[in-house]
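The structure comes next, followed by the description.

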Amino acid sequence: MTIVLVGLNHRTAPVEVRERLAFTEEELPQALRQLVDGQTITEGLILSTCNRVEVLAVTPLTERAAVERIRAFLRERHRIPPDAYEAALYRYVDRDAVRHVFRVTASLDSMVLGEPQIFGQVKEAYAQAVAAGTVGKTLNLLLPRAFSVAKRVRTETAIGTEPVSVSSVAVELARKIFEDLNGRTVLLIGAGKMAELTVRHLLAAGVQHLLISNRTRERAEQLAAQFGAEALSLDVLPIHLARADIVICSVGGTEYVLRREQVAAAMPVRRNRPLFLIDISVPRMIEPGVGHLENVFLYDIDDLEQIVHAHLEHRRYEAARAEVIVDQAVEEFLTSLRRLEVGPLIAAFRRRLEEIAYGELERHRPYLGRLTPEQERALRHLLDGIINKFAHPAISRLHQAAREGALRPEELSFLKLWEDIVDAQERRSSSSSE
């Protein structure tokens, strides 16, 4: 089996490209089942966040076949010209793919190094793949190991101290704009996990008047009640733009929730007071043309990178320590994977030896006469001892090679070759006796 990962992220593609390849939560089950065809791809998982879209797959065929299958899947699924995104795609195979999954889950590949949200996003992607029935023994071994590595990184390094996330960076940008958020009115669009986290950061920054708008009014009311905010329906959003100093948008969907004409209509009501909008959604949910209006300042998730770089310096040392943990975990995982591959082969080898030995016993039983129970047990004990002595060197060598990562293809095929030879001999013996 070969593990392949194909994807793009905030370093290889701008948000205009990432949003075109993003998957909504609702479409993931069907997309996963389309990806895993049972022939080229036998296991699959899709991770789609604001900063990355990645397809993780397991194939019994070659790396090339799997990569072509994933590229075709992306073309068929999104129906956009490959030229728009192909150059931004990266691909990793086996050891590199495992290492990438571990680094992503441990937040070592995030825009905000050490941010905690990616851990939950990978867990959610895994849960969706499990629910869709697109994971098997390899991904069921890989993903739980990735979660374990991420927890170890967070426990054994200080990379998670002074928590930083996309939502906290968005709030920090708002503070840079106004210096003091006390007395400011913030309109938050969205009521999901990221929005909830943003609310907590806004309140900690001193915001006292908060409006929350969401496609589902009920969810907006729940979040508003939890934090003492005011809930709004999405359809009255343009009316309330006149009240807001800052708009932070963190919502999913395929249609803009704020369009240029809506914001343009709100500006005269605001008497052209500056309006700051921060869109951390991917795909973007505020029409980019909004940023061209006078006294309107629109930032998207890629604009947050400058603030992120300031945080990176504080975390580089801890990240280097985390990389050591990841490298060690990759080697341990590959050893486990090799054992997984060798296990069934060894079991089949031993089972075949038993079939031969006990088959010979039954063939010669008429010449043995009536055996007492004690003689029967002694005979079986004798056969088991011979089987163990014969099998032990080969099995020990395979176990050792799997542990040390020194398993060569000829060693893996040794038992299969031996079985083929025995079968051929038995067929010749059977033919001659006839």
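A crossing is called left-handed if the near helix is turned anticlockwise from the far one by less than a right angle, and right-handed if clockwise. Helices (H or I, at least four residues) and strands (E, at least two) are DSSP runs, numbered from the N terminus. In that sense, H8 passes H9 in a right-handed crossing.

The model is predicted, with local features needing pLDDT of at least 70 and side-chain atom pairs counting only at pLDDT 80 or more, while totals for chains, interfaces and linings use all residues. Residues are numbered from 1 along each chain as its sequence is written, and side-chain values use heavy atoms, with hydrogens and water left out.

**Helix packing**

Axes are lines fitted to C-alpha atoms, for helices over the stretch in contact, and angles run from 0 to 180 degrees between N-to-C directions. Angles under 35 degrees count as roughly parallel, over 145 as roughly antiparallel, 65 to 115 as roughly perpendicular and the rest as oblique.

| Helix pair | Axis distance | Axis angle |
|---|---|---|
| H8 (193–204) and H9 (217–227) | 11 Å | about 30° |
| H5 (117–132) and H6 (137–156) | within 11 Å | roughly 165° |
| H4 (95–105) and H6 (137–156) | within 8 Å | roughly 45° |

The axes of H4 and H6 cross at roughly 45°, which makes H4 oblique to H6. Their crossing is right-handed. Contact (heavy atoms within 4.5 Å) is made here by Val98, Val101, Phe102 and Thr105 of H4 and by Leu142, Arg145, Ala146, Phe147, Val149 and Ala150 of H6. Sorted by class, this contact has eight nonpolar, one polar and one charged residues; Ala, Val, Leu, Ile, Met, Phe, Trp, Tyr, Cys and Pro count as nonpolar, Asp, Glu, Lys and Arg as charged, and the others, Gly among them, as polar.

H5 and H6 are roughly antiparallel to each other, and H5 passes H6 in a left-handed crossing. On the H5 side the contact involves Phe119, Val122, Lys123 and Tyr126, and on the H6 side Leu139, Asn140, Leu143, Pro144, Phe147, Ala150 and Lys151. Eight nonpolar, one polar and two charged residues make up this contact.

H8 and H9 are roughly parallel to each other. Glu196, Val199, Arg200 and Leu203 of H8 meet Arg219, Leu223, Gln226 and Phe227 of H9. The classes in this contact are four nonpolar, one polar and three charged residues.

**The largest pocket**

On a 1 Å grid over the protein atoms alone, a pocket is an open set of points where a 1.4 Å probe fits, with protein on both sides within 12 Å along at least five of seven lines; lining residues have an atom within 4 Å of a point. Grid points are joined across faces, edges and corners, and a volume is the space filled by probe spheres set on the points. The largest pocket holds about 1300 Å³ of space. Its lining has 36 residues, of which Glu25, Gln121, Gly192, Lys193 and Gly252 are the closest to the centre. Strand S2 (43–48), H5 and H8 each supply at least two lining residues, and H5 gives the most, with six. The lining has 16 nonpolar, 14 polar and six charged residues.

**Backbone details**

The peptide bond from Val282 to Pro283 is cis, with omega near 5°. Pro283 sits in the loop between strands S9 (275–279) and S10 (296–300). Arg271, a residue other than glycine, has a positive phi near 55°; Arg271 lies in the loop between helix H11 (260–269) and S9.
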